[in-house]
Amino acid sequence: MQPRSHAAGQQQQQGENGNGSSRNYLHHHHSPSWNSSSASARRHLSPNNITTASASPASPTNANSPRPTSPRTTPVHSMVRERSLHRDEGTTSSSRPPSIRSASSYGRPLNRLMHNAHTRRHSSYSNFSTMSETSLPWTTRDIGFNAISGVLNDPAKRGQTVVKPSKADVPPVPHASITKVRPSDFDNYLEHIGPVFDRYQHNKLNDEENNALTSPVISPYGSLHNILDTLDESSLPAHQRRSGRNPYGQMLSSESLALLDNVAPEPTPRELPMLENVPQIFFDPDFQLENPRTFDAVCEGADIIGNSGPNPPVSTNSILQEKLSYYLDTVEVHLIREIENRSSSFFEALSNLQALHQQTLDCVSQIHTIRQKMKEIQATKCNDGLQVVRLQVRRRNLERLQEAIRIIKEVRAAQPMIQVLLGQGDYFAALDLIDETHAVLEDNKKAGVIDLKQVRALANFSTQLDEMQKAVGIMMQHDFLSILLSDLSYQIETIDFDKAKERILDHAKLPRSPPQPREDVTDEELLERLMPSTVGLIRTDMFMQTMQGYRERLLTEIKEIVRKKYPAVSPTDEPGQNSPARQLRTMPFDSFFKMLLDVFIMLIRAIQRAAVYHKILSQLVDKCVIDDEEKKKDMKKESSDIVFAAADLAHVRCAKLIGFRSEQNAQLNPTDFYRLASVMRTFIQQCESYCERTCFGLRGTVLSQQKAFIDHFHMERVKQEAQLIENEQWVASEVPSDFQRIVDRICDGSVSSLAQEDTAPPQKQEEDRRSTKFLIVHGTSYFVVGCSLLIIKMFEDYLRCIWNLEGMTTDIMQKLVELLKLFNSRVCQVILGAGAMRSAGLKNISAKHLALASQSVGIMIGLIPSLKECVRQHMPAKHTVLLSEFDRILKDYQEHQGEIHAKLVAIMNERFSVHVKAMQVIQWDEEDESGKIPNNYMETLVKETMTLHKVLSKYLPHQNLQSIMSEVFKSFTTQLSQEISKLSITTESGKDRLAKDAAYFTKRLSSLNGIDPPSDAVVNAVNEISTSA
């Protein structure tokens, strides 16, 4: 806390009285010029001489006379110097420069500089106060003995300038009603502060007891503190008691000072002049008076030499000196005030430093004593014991050194032993010795014996051991690959190709049979041979590297197997003339098929052996690798990947081989292509069963060649069918038993029965070759023509394609639908469109032709649902929506058949129109000279109708016959009735003639078998004729 002086306390007390008369302002005395008294005054204002400094007014006429001083004059309370002339507050200052006017001349009180000048601030150097002590009220005892105020102010004489305020100066205070305070109002406060105060009292008593037990501290301030210590503080007021805030600086009150010396109270300090009156240029950090501009600014542009201006140089210099002295005094006064405010903290810090210095000296003395005692103890008691300890440590170090040397000797001796073991081929013993040596190099460091890797003799020994271990791994890798590849070569060389071909062809004859089960063959002898090298590779951590080498060698063997089967190229042939691709394209299919079988058999055996090796290696890995499941999994996966890589490469090479003959294979006959496709499918299935993955290298080639074959196959069938329909003579043909068997199988909905070859005895086959007149479809007999038989045979070919070419059902179904549409459209063109008259040379399209066309269309209508069912059995589930094409084509065939039947009715209507014209020219009322009954027109009409019935009853089913004849009879009776009603018959003879024709029409047509007779509408029409006679 910052201490305050007694004079400052009086100033604060007078300032709180409520009137402004108690305030003292600085009274500056100015003179037109300064003299030597100014310098004397500045010397008296110095901190060393300020206690005796005083000022008295000087005569204005004698400005240069020295100022009288007195050692007992009134002290300068506000730390400012008084001027030689007393300034009248009421006079104007226009004759003086503005820069030297006092603060009061501008209406600004100087006491604003004194705001909080004596406020208490906690000193950072005083750390002996407690929180409870800092909360105590401030007293005059807190003032330090060595404060600046105590040095500057004379305590023996009171100030003479203090004027007591009169009653007129004190303004009246209005009466204030003070609320009566009851003791109970302090209960809450007492309850809250009681425990804290008790704790404070307890701590304070403990501190006093501790201080009583310790020796008294000699005060650095002499007998004054001793006198104050003898005073009874309990008899003094609270503000006069000793404060605990400053343990080193003793504070004095005005009463205690009066006991020692009769010190008058200091007058109220005057307010300081404003620091803003000093121009800002003096505070510039770069202030240099040598600078002309700076010098001119300081002189305020005055002519100090006297070259120009109305004022003489002496007067100008005096005024300028007055200003500069005023600026200097203002800064000095503020500086003294700042020193005064900080003097208490300075002396407190000085006291603290003195105490710390004394404590430091005591500590140094004690440290010196302790060191002397430690030297004596070390010389008498410790040296011998430490020597024993040193010897024990040395012994242990020597033992460790001996052990390290022994280990180094053993490690160095291991290298020649490893070389000997490798020379003898004892790889496992060499590996054991290498592992033991590695363990010695690592474990000694862990055991704390010595780090052998730091020994120069063994600096590169660990690397040498690694190289030896790697050499062992390379030897075992060579043995491992030699065993596997020699076994593979032996297995391929000892293949019995005849049995292998028979086995693969037998399996290929069953296109829809499941793949052959994998032969889990484990070669125990091979397992025993591979075990040492496999274990060694795992121990040397070279198993994965060896598997990479095994992969490369195996893939090389696969490539060689395919390459060796390529056709040989003569060295004399020109480049490109007889290249392998060219020779493969020109090779007959049987030769190519035989070569392909050999390649497939060898590749299947190689992949089978790779699968056996994988199984053996998996067993060995399970035995050797126990703890590391992740490592075991990676090893097995690497072995499995090798089998798949071999199978995939085999498929790629075979795809390339087969791809050379893509055009030739597409033009093969179905039997050869089915053989080729089935063999390729068998090869793919067996390879995938061994590698347990799907291989796509050959599947794409097979699929593309199957599509090319189907396109060529369909194109050939379409050409044959279109040509045969155009050349068809529409004559009923006999139906061989083979075609009836095909229809029966289609109706059964079994495609597999169509793919099977006839295996019946020769006698049975001879009987089956007998032909029949009708083709039976679902119990209905049909007459057939040549184009119908051909398309039935094509149905069998397409269904066999579905059976033999797996995965091509959707494409074949689309081709089959195209074939059905072609047959329907071409039949319509040649019959209903009369195209047969041009293409087949027919004279006309008769009812027989229409009937046979209806029969052919009827066969298709009966077979389309069965074809749909056969295709559905092999159609993928996601493609079954495409089967709706069969429903649409069936509807087209039904409409086509209806158009053929309508065509027959239309032909008969045309013939009826011709005969009606003949009937219209007859003179019915005249006598018939020929006497023929019936007339020619009716006889011809009935004859043609009966002929139509005869033809249709032969070729059409009864249902179709009944439908057509009913339409014809209905048309005839309707038209005849209308024509008879139009005739003009007036005689009975004419009516009788017409009645005979009508009776003939009805009687003859009613005699037709299997159909309903015509109605009596014609006879009734004749009877309705009325005659005039």
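1. Among contacts (heavy atoms within 4.5 Å) between residues at least 6 apart in sequence, 83% join residues at least 24 apart.

2. Ground rules. This is a predicted model, in which local features need pLDDT of at least 70 and side-chain atom pairs count only at pLDDT 80 or more, while totals for chains, interfaces and linings use all residues. Residues are numbered from 1 along each chain as its sequence is written, and side-chain values use heavy atoms, with hydrogens and water left out.

3. Overall make-up. The protein has 32 helices and two strands. These are DSSP runs numbered from the N terminus: helices are H or I with at least four residues, strands are E with at least two. Of the 1029 residues, 40% are buried. Buried means under 20% relative accessible area, exposed over 50%, and partly exposed in between (1.4 Å probe, protein chains only). The accessible surface is about 57500 Å², and carbon and sulfur atoms account for 53% of it. That area comes from the Shrake-Rupley method with a 1.4 Å probe.

4. The core. The largest nonpolar core contains 193 residues. Such a core is a set of buried Ala, Val, Leu, Ile, Met, Phe, Trp, Tyr and Cys residues joined through side-chain atoms within 4.5 Å. Trp730, Phe795 and Phe886 have the most contacts inside this core. Helix 16 (residues 589-624) gives the largest share, 22 residues.

5. Around Trp730. Leaving aside residues up to four places away in sequence, Trp730 touches a set that includes Val785, Cys787, Val827, Ile831, Leu842 and Leu852. Lys848, His849 and Ser856 are also among its partners. Cys787 is itself buried, at a relative accessible area of 0%.

6. Cysteines. The structure holds zero disulfides (pairs of cysteine sulfur atoms within 2.5 Å). Cys801 is buried, with a relative accessible area of 1%.

7. Helix 13 deserves a look. Helix 13 (residues 524-539) has 16 residues and reaches 22 Å from first C-alpha to last, close to the 22 Å expected at 1.5 Å a residue. The expected span is 1.5 Å times one less than the number of residues. Helix 13 bends by about 40 degrees at Met531, and Pro532 follows within four residues. The bend is the angle between axes fitted to the seven residues ending there and the seven starting there. Its buried residues include Leu526, Leu530, Ser533 and Leu537. Just after helix 13, Asp541 takes a positive phi of about 60 degrees.

8. Ser489. Where does Ser489 sit? Ser489 lies in helix 11 (residues 461-493). Ser489 counts as partly exposed because its relative accessibility is 28%. The C-alpha atoms of Ser489 and Ala606 are separated by 8.7 Å, though 117 residues apart along the chain.
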